[in-house]
Amino acid sequence: MAHQLKSGELFALTIFLSVASHRNFRAASVELNVTPSAISHAIKGLESRLNVRLFNRTTRSVSLTDAGIQLVHSLRPSMENISNALNHLDDFRDQPSGVLRINASEGAVRLVLKPILKKFLQRYPLVHLDIVCDGKLTNIVEENFDAGIRLADDIPKEMVAIRLTETARFVAVASPDYLLKNSTPLVPHDLYEHDCIRFRFDSGLIFRWEFDMKGIIEKIDVKGPLTLTDQTLMVDAAIDGIGIAFVPDHLVKNAVENQQLSIVLERFSPVYRGLSLYYPGYRHVSTTLKALINMIRDSSSY
């Protein structure tokens with residue numbers, strides 16, 4: 001006998017997909033703006049009605065059962081179709097509205113979104129922007145984001161990408177005080193003799209600095225007294241003279257102009273394709289996302 005959807009079951013399935021994506025009840029509650037107890041109650045109720053366990057739960061972890069994995073694979077395309085059908089109604093509204101979820105690196109948020117946030121929210125008061133910054137390449141489909149903003153080279157090929165900036169460049173920077181006390185590196189390999197401020201990705205991996213050696217990118221595994229997961233703090237640490245940092249050039253523009261930092265090894269600095277906003281090609285582009293893209297483009301001075 002075919003299963004008939006009962007009242008509230010569609011939302012329970014939405015909760016199920018959120019928990020399945022995050023592997024965490026609390027994270028799902030934050031995403032859906034409901035209490036963790038409501039998440040737990042909904043999952044227990046869904047499992048009871050389906051008469052099958054969907055998650056293995058311990059005090060430390062949440063994982064999908066085989067039945068849960070099967071339901072995710074079967075359910076996600078259908079929920080995407082429902083979401084797209086509802087999103088198409090945006091075209092009939094007078095102005096953008098609803099929640100727009102964006103995933104981006106911190107640098108992308110500072111460079112692209114921060115300058116237009118106030119103007120965008122004032123112009124579209126019915127919109128709620130939910131912006132998540134992280135240092136990993138999040139799967140925006142699995143994590144239910146409307147779009148992401150990353151360096152063009154990091155965007156999956158199956159995504160539709162809209163170029164926001166022309167190029168991006170990483171530079172090595174140090175304070176005048178640090179360079180006064182230490183020799184200035186002349187080639188990338190000189191960094192092995194210096195204190196370097198390293199960056200750790202959310203995955204735990206340490207970023208290896210990349211330099212352009214006559215068209216060949218060479219990676220340098222630097223050492224130093226400090227490792228951070230925040231590029232802005234790396235800039236602050238470099239200004240304080242702790243060591244040399246390797247960061248996107250837009251983060252140090254003011255510090256370089258104010259002579260708080262100096263760029264070293266500039267001729268070896270690699271240039272990358274710039275930032276792009278991206279989203280799944282099969283997904284309807286909502287009026288709200290179109291409005292955000294248009295404002296970013298109109299305000300662009302890159």
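**Strands, rings and charges**

Modeller: Let's start with strand β3 (residues 98–104), which seven bridges join to β4, the two running parallel. This is a predicted model, in which local features need pLDDT of at least 70 and side-chain atom pairs count only at pLDDT 80 or more, while totals for chains, interfaces and linings use all residues. Residues are numbered from 1 along each chain as its sequence is written, and side-chain values use heavy atoms, with hydrogens and water left out.

Biologist: What makes β3 and β4 a pair?

Modeller: Two strands pair if DSSP finds at least two bridges between them, and here there are seven. One example is A104, whose bridge partner in β4 is C133. The names come from DSSP runs numbered from the N terminus: helices are H or I with at least four residues, strands E with at least two.

Biologist: Which sheet do they belong to, and why do β4 and β6 count as its edges?

Modeller: It's an open sheet of five strands with mixed pairing, in the order β4-β3-β5-β15-β6. β4 (127–133) and β6 (159–163) each have a single partner strand, so one side of each has no neighbour in the sheet. From one strand to the next, the twist averages 25°, taken between lines fitted to C-alpha atoms, with angles running from 0 to 180 degrees between N-to-C directions.

Biologist: On to rings. Why is the pair F16 and F55 called tilted?

Modeller: The structure holds eleven aromatic pairs. Rings of Phe, Tyr and Trp (its six-membered ring) pair if their centres lie within 6.5 Å; planes under 30 degrees apart are stacked, over 60 edge-to-face, and the rest tilted. F16 and F55 have centres 5.5 Å apart and planes at 55°, so they pair, and the angle lands in the tilted class. F16 is in helix α1 (residues 9–22) and F55 in strand β1 (residues 55–57), 39 residues apart.

Biologist: How do you know whether F16 and F55 are buried or exposed?

Modeller: Buried means under 20% relative accessible area, exposed over 50%, and partly exposed in between (1.4 Å probe, protein chains only). F16 comes out at 0% and F55 at 0%, so both are buried.

Biologist: What kind of pair do F201 and F207 form?

Modeller: Edge-to-face: the centres are 5.9 Å apart and the planes make 85°. F201, at 28%, is partly exposed, whereas F207, at 15%, is buried. Both belong to a cluster of linked ring pairs that also includes W209 and Y272.

Biologist: Now charges. What makes D153 and R273 a salt bridge?

Modeller: The rule asks for a side-chain nitrogen of Lys or Arg within 4 Å of a carboxyl oxygen of Asp or Glu. The closest N and O atoms of D153 and R273 are 2.8 Å apart, so the pair qualifies. D153 is in the loop between β5 and β6 and R273 in strand β14 (residues 271–273), so parts 120 residues apart in sequence are tied together. By this rule there are nine salt bridges.
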